[in-house]
Amino acid sequence: MAKLQSHKCWDKRLRNRRGTAAAALLVAGVTLSGCASSPGSSPSSDSTPLKIGISLSLTGDFADPGKAAQRGYDLWATEVNKRGGVLGRQVELKIVDDTSSPDQVVTNYQNLITGDKVDLVFGPFSSLLTIPASRVAKRYGYAFIEPAGGGPKVFDQHLDNIFFVQPAPVVKGGDVFADYILSLPADQRPKTAAYPKLDDPFAAPIADNVKQRFEAAGIRTVYDETYAAETADMGPIVTKVAAAKPDVVVAGTQIEDSYAEVKAMIQQKFNPKWLFMSNGASSPADFPDKVGYANTAGIFSSGDWYPDSPIAGTKEFIAAYAAKYGGNGNAIDNTSAEAFASGTLVELVAAKTGKADNATIIQTLHSGTWPTLVGNLSWNADGAPNGSYLLVQWIDGRLRTVYPPDTAQHPPLTPKPQWAG
Amino acid sequence: MTPAGAVRGAAFFGALCVVPLLVGPQWVLNLLIFTVMYAGLASAWNLVGGYAGYPSLGHAAFFGFGAYAVAIIFENDVGDGYAPFRTLPIIGLVVAVAVLPVAWIAMRTRADVFAIVTITLLFIAQTLAFNLRSVTGGAQGRSIAPAPFPVETYDRPFYYAMLALLALAMLLSVAIRDSKAGLSLAAVRSDEDKAHGVGVHVTGVKLLVFAVSAGITAMIGGVWAYYVGFIYPQFAIDPLVTIGMVLMCFLGGRATLWGPVLGAAILVPAQQFLAYRLGASQLYLLGYAAVFLIIMVLLPRGILPTLRRAR
Amino acid sequence: MQLAAQAIILGVLTGGVYALMASGQTLIFGVMKVVNLAQGAFVVLSAYLTFSLFTGFGVDPFLAILITTPAMFGLGVAVHWLVLRPLKHEDVGQLSLLVTFAVALGVEGVLALAYETTYRSVQPGYENRSWTVAGLQISEVRLYAFGLSAVMLAALYLILERTRLGMAIRATVQNPTSARLLGVSSERVAALGFGLGAATAAAAGSVYGLLYPFNPGSHYDLISRLLTIVVLGGMGSVGGAVVAAMIMGVGSSIVAALASPIWSDFTFFVVLLAVLLIRPRGLFGARARGAL
């Protein structure tokens, strides 16, 4: 009985900081929300808890990011309640498990909205589950702030209640790498490129976008194949990629296949000059653990948050996380940061408008930029964010932002160092 | 069908028809939709796995065919909202006819090998769903246009559609069971070679129930796709759906009319309840496994036959 | 040419490990006419045990086999005793599918509780090393795993051919009634056969963790491959399972490398169906009484 499902739609991006401005707004917003008297509302008389319903994948295939999201939400709830809650109302989260199943997620949001009668909802994990859930929310007029559904089909629905809490739609994950390569002088650029892609709505399109731009710039494609989801054995695929001798490999990966791909490359002693992996390589704790600390050197990826992120609020977030859950900041998954940022958005809307109901949220978030842990966010009418990511690279065992140059923490390391084995 | 049986059936469905008008919260209806859906699936499976004695573990593929059919036809526009329901009979017929060659091949094997062959067919169907991207959308899935039903009564048309399909499955089960085909099936179930030797049209009757079963399963899949609104290959063609159907049939009693319904009525709410309340801890899986094992060991015949024997 | 050769090498090495897992599965079927849907779960369980032994005590995975194999043998016997023996004889065929699936779910649940659902793999440091022979890369770990499988399969062969237990098992597979008449305790044989099947899963599981990342849900994918191998080789035939595993390993590797990786599993299933059409009992299976 093969459960052929491993769609860990892990949308990890980075973003450029507008540090002080963001920090100032954040602090201001937080302070303001503590003051209950805002124009045109009477929140001080309403001290019932603000119930927020969330369906998360706590078991099943998406359980790891699901639990990371839970930690992010819980942390936000704790922190905001310490400051007096939202508009004077203590935040109460009702988190239920959808076992990573779309049927269950539909049931859950129905239950949350019509049974438990929550005030607000946040999105579940992955675009897979976000799409059916967002329809339920739309039907009842609920805003749908969601940290993990960034695939193109989410925005193709043209629903006005969706807000994807990441800097850009997921398919733009590789564009910043293309920016970097194409910024190099022509004689330093790669001549040939390979595109091994996972059959996944987030992995393959990222590589395809890069391929379009590379081919337009004259970089020849020597390998372009999609491999099935749940491919545990990347050996044959890497064999073929290596045989094509590409200068740059743009790998549309998710998590497990990224580890397997790196290991296969090491075993087959194949080391391209540039290696970009759309996912998996941006996890600060797991990646070095799975492929070997020294083997990470030089691998590119992109994301929206990592523990060394330069975005304002990161240090406070890490400190609060460590205080609540223990451990050092290095193991924090960016899903937690994205979940935390979802809560921040509610706070900011409340601070600005004095209200925190669904109609207000839907109306307010469609204009302006909103500073969060994952960057300054703004959305178009379909809920797709308007920003872009930052290119990160593994240097000396840590992730560093390397492009664009004005926000880089370190210049890019090329060519890719040899595998350590 | 005896008069008593007809009265029972009428009362049961009559009650179920009235429920949406009485019950307020939408989530109850949501739960009922899934319960009735699985009752229909289990009843359809019962034709092949219960009455014919061929445990098909690949039925989820037919569910998926129906789902994709609806998704492909109704991607952009559902007219007044009832168009998908009207096309269901056609989908059912097409699938029923299309599976005949497949069924013929598969039913050349017996019991365990048959089960494995049907699982294999399921994987093939799932792989096709992933790979034929121009048709199925591949891993990105396909969407179905939202139904223009008013929000207060949104779930009702889906509920009644599922109810109608359950009624169809049960009526067909009764019709087949009480006919000569039913006798032939009983013979096939006990000892196929002897039946063949005695002159029973073994192949014909097996193919008949397989086709009917597949057709109904496909129709239910179509309604499901319309209800959920967005389908992916691994959920439209999901081995766990098959396991659900099979388990409910076993629990209630194979080759009985009401067994599958009873099984679904117990397991679907239990599963939803477990997931909603206990899901956060991994005990959910263990609970499921424990229920499984207890049923198998204590009630190998299923509830209804055990009760009947006890009388 | 180089590409094909490399693919073949990979396929052979992978096939060996699958052969070991599948041999246990087909043995269980031969002895008890039970399709053990928990075989994949046993492999994963053993992979986790090996992982714990390695990360907790520093035991090398290949040495851990000495611990996991007897442990899983015992587990197999226990599972049979508790769960399969109580089933009435005429229900065994159909119910065993569901019962063993329940066992698989239970194992998955326990593992998820104990280890959470993060993907793990066993990394003793040498897992990425490879030798270069005539321009082809041969992964060290895969070669060791293949060697281990060969050794374990040889051991299995010796048990089946040279020990009394083995003779009793083979007798039961060939003709259960006669075996019982000759004094073979079919229940004991069934229990020990199941234990042996689980033991092969244990050995394979220890190396599985070295080759692939795994989590509690990995057993679904495994069992689908094992089932197809077992049916292709012929249910009950250990030799058939080995041959089928090699065919599968090499076949899917070649298709993945030379054609498109997406279709590699698919072609395998199609080949399986074709074989079943022509020869329903698989390559080496015994003709089932009553079937075509």
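**Figure 1. Burial and fold of chain A in the predicted model.** Of the 421 residues of chain A, 62% count as buried, where buried means that 20 or more other C-beta atoms lie within 10 Å of a residue's own, exposed that 12 or fewer do, and partly exposed that the number is in between, with C-beta atoms placed from the backbone. This is a predicted model, in which local features need pLDDT of at least 70 and side-chain atom pairs count only at pLDDT 80 or more, whereas totals for chains, interfaces and linings use all residues. Residues are numbered from 1 along each chain as its sequence is written, and chains are lettered from A and ligands numbered from 1 in the order in which they are written. Chain A holds 13 helices and 14 strands; helices (H or I, at least four residues) and strands (E, at least two) are DSSP runs, numbered from the N terminus. Among the contacts in chain A with a separation of 6 or more, 73% come from residues 24 or more positions apart; a contact requires the C-beta atoms of two residues, placed from the backbone, to lie within 7 Å.

**Figure 2. The two assigned domains of chain A.** Domain 1 comprises 19-167 + 309-377, and domain 2 comprises 172-303 + 390-407; these bounds come from an automatic or database domain assignment. The centres of domain 1 and domain 2 of chain A, taken over C-alpha atoms, are 31 Å apart. Eight residues of domain 1 of chain A are in contact with seven residues of domain 2 of chain A. On the side of domain 1 that touches domain 2, three residues are nonpolar, four polar and one charged. In this classification Ala, Val, Leu, Ile, Met, Phe, Trp, Tyr, Cys and Pro count as nonpolar, Asp, Glu, Lys and Arg as charged, and the others, Gly among them, as polar.

**Figure 3. Packing of helices α3 and α4 in chain A.** Helix α3 (residues 102-115) and helix α4 (residues 127-139) of chain A pack at an angle of about 30 degrees, and their axes are 9 Å apart. Axes are lines fitted to C-alpha atoms, for helices over the stretch in contact, and angles run from 0 to 180 degrees between N-to-C directions. The two helices α3(A) and α4(A) are therefore roughly parallel to each other; angles under 35 degrees count as roughly parallel, over 145 as roughly antiparallel, 65 to 115 as roughly perpendicular and the rest as oblique. From α3(A), the contact draws on A:Pro102, A:Val105, A:Val106, A:Tyr109 and A:Gln110, and from α4(A) on A:Leu128, A:Leu129, A:Pro132, A:Ala133, A:Val136 and A:Ala137. These contact residues divide into 10 nonpolar, one polar and no charged.

**Figure 4. Packing of helices α12 and α13 in chain A.** The axes of helix α12 (residues 334-353) and helix α13 (residues 358-365) of chain A come within 10 Å and cross at roughly 90 degrees. Four of the contact residues are nonpolar, three polar and one charged.

**Figure 5. Contact between chains A and C.** Chain A contributes 31 residues and chain C contributes 32 residues. The elements of chain A that give two or more residues to its side are α2 (63-82), β7 (220-227), α8 (235-243) and α9 (256-267). By class, this side of chain A has 12 nonpolar, seven polar and 12 charged residues.

**Figure 6. Contact between chains B and C.** Here 33 residues come from chain B and 40 residues from chain C. On the side of chain B, α5 (111-131), α9 (192-198), α12 (239-252) and α14 each supply at least two residues, and α5(B) gives the most, with 12 residues. The residues of this side divide into 23 nonpolar, five polar and five charged. B:Leu298 is placed in helix α14 (residues 283-298) of chain B and is exposed, with 9 other C-beta atoms within 10 Å.

Figure 7. The contact joins C:Ile159, C:Leu160, C:Glu161 and C:Arg162 of α5(C) to C:Leu165, C:Gly166, C:Ile169 and C:Arg170 of α6(C). C:Val250 lies in helix α10 (residues 238-258) of chain C and counts as partly exposed, with 19 C-beta neighbours inside 10 Å. Not counting residues up to four places away in sequence, C:Val250 touches C:Ile8, C:Gly11, C:Val12 and C:Gly15.
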